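Colleague: I'm new to this one. Can you walk me through how it is put together?

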Amino acid sequence: MLQFLFIFFVLLFALALCNKSAGFTLAGKNGKSVYILCFLFLGLLAAFRSPIVGNDTKEYIRIFQDCRDLLDNGTRFEYGYLYYNLFIHKITGNYQVFFIITSIFLFATYGVITWKYSFRPKLAVLFFFILAFPGTVNTMRQCFAICILLFSLDYIIKRRWIFFIFMPIK
């Protein structure tokens, strides 16, 4: 719990530095660089986590190491997720690289979507950390599915329902 509070205050301090009313800023006009640094910081925490962090991390490592057998023998896991594991496993057998690649995808998606659609993206970083960050290290498959659906957010806004429905299939 103490680490969580420490990270929260580091993010709060970084975002306060990019506030225009602070008198000085390290972030230019709109604070985008500090925003990116905050998501980069959170992404690095998730990418280089220990195998004992998160309830399901050991299971994700097992799935990554046994993805070929799971595809051949059938499993309860989603086939798209298993093929994603297999693709990365063919590149490298190191599960830490798998976490790095997955964290890049998750945090880049969350960061871009939040910056694009949030009225207060710096405040959204804090809400993301409090509400969604624990899920990125615990329920990674669900966060992966959410990020795929977030790509179709443009289609919802433009009211192109057919593209929204078939976006996850692409």
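Colleague: What kind of model is it, and how are residues numbered?

Modeller: It is a predicted model, where local features need pLDDT of at least 70, side-chain atom pairs count only at pLDDT 80 or more, and totals for chains, interfaces and linings use all residues. Residues are numbered from 1 along each chain as its sequence is written, and side-chain values use heavy atoms, with hydrogens and water left out.

Colleague: OK, helices. At what angle do α1 and α2 pack?

Modeller: About 160 degrees, with the axes of α1 and α2 9 Å apart. That makes α1 roughly antiparallel to α2. Angles run from 0 to 180 degrees between N-to-C directions, and axes are lines fitted to C-alpha atoms, for helices over the stretch in contact. Over 145 degrees counts as roughly antiparallel, under 35 as roughly parallel, 65 to 115 as roughly perpendicular, and the rest as oblique. The helices themselves are DSSP runs (H or I, at least four residues), numbered from the N terminus.

Colleague: Which residues of α1 and α2 make the contact?

Modeller: I7, L11, A14 and L15 from α1, and V34, C38, F41, L42 and L45 from α2. Contact means heavy atoms within 4.5 Å. By class that is nine nonpolar, no polar and no charged residues. Ala, Val, Leu, Ile, Met, Phe, Trp, Tyr, Cys and Pro count as nonpolar, Asp, Glu, Lys and Arg as charged, and the others, Gly among them, as polar.

Colleague: And α2 with α7, how far apart are their axes?

Modeller: 10 Å, at an angle of about 15 degrees, with α2 spanning residues 32-47 and α7 residues 121-131. α2 and α7 are therefore roughly parallel. Y35, C38, F39 and L42 in α2 meet P121, V125, F128 and F129 in α7. That contact has eight nonpolar, no polar and no charged residues.

Colleague: How do α5 and α6 cross?

Modeller: Helix α5 (residues 79-91) and helix α6 (residues 95-117) cross at roughly 120 degrees, and their axes come within 10 Å. They are therefore oblique to each other. Y81, Y84, N85 and I88 of α5 make the contact with F98, I101 and T102 of α6. Here the residues divide into five nonpolar, two polar and no charged.

Colleague: Changing topic: what volume does the largest pocket have?

Modeller: About 220 Å³. Twelve residues line the largest pocket, and the closest to its centre are I7, L45, V53, F133 and V137.

Colleague: Which helix gives the largest share of that lining?

Modeller: α1, with three residues. Both α1 (2-17) and α8 (133-138) supply at least two. The lining divides into nine nonpolar, two polar and one charged.

Colleague: What counts as a pocket and its lining?

Modeller: On a 1 Å grid over the protein atoms alone, a pocket is an open set of points where a 1.4 Å probe fits, with protein on both sides within 12 Å along at least five of seven lines; lining residues have an atom within 4 Å of a point. The volume is the space filled by probe spheres set on the points.
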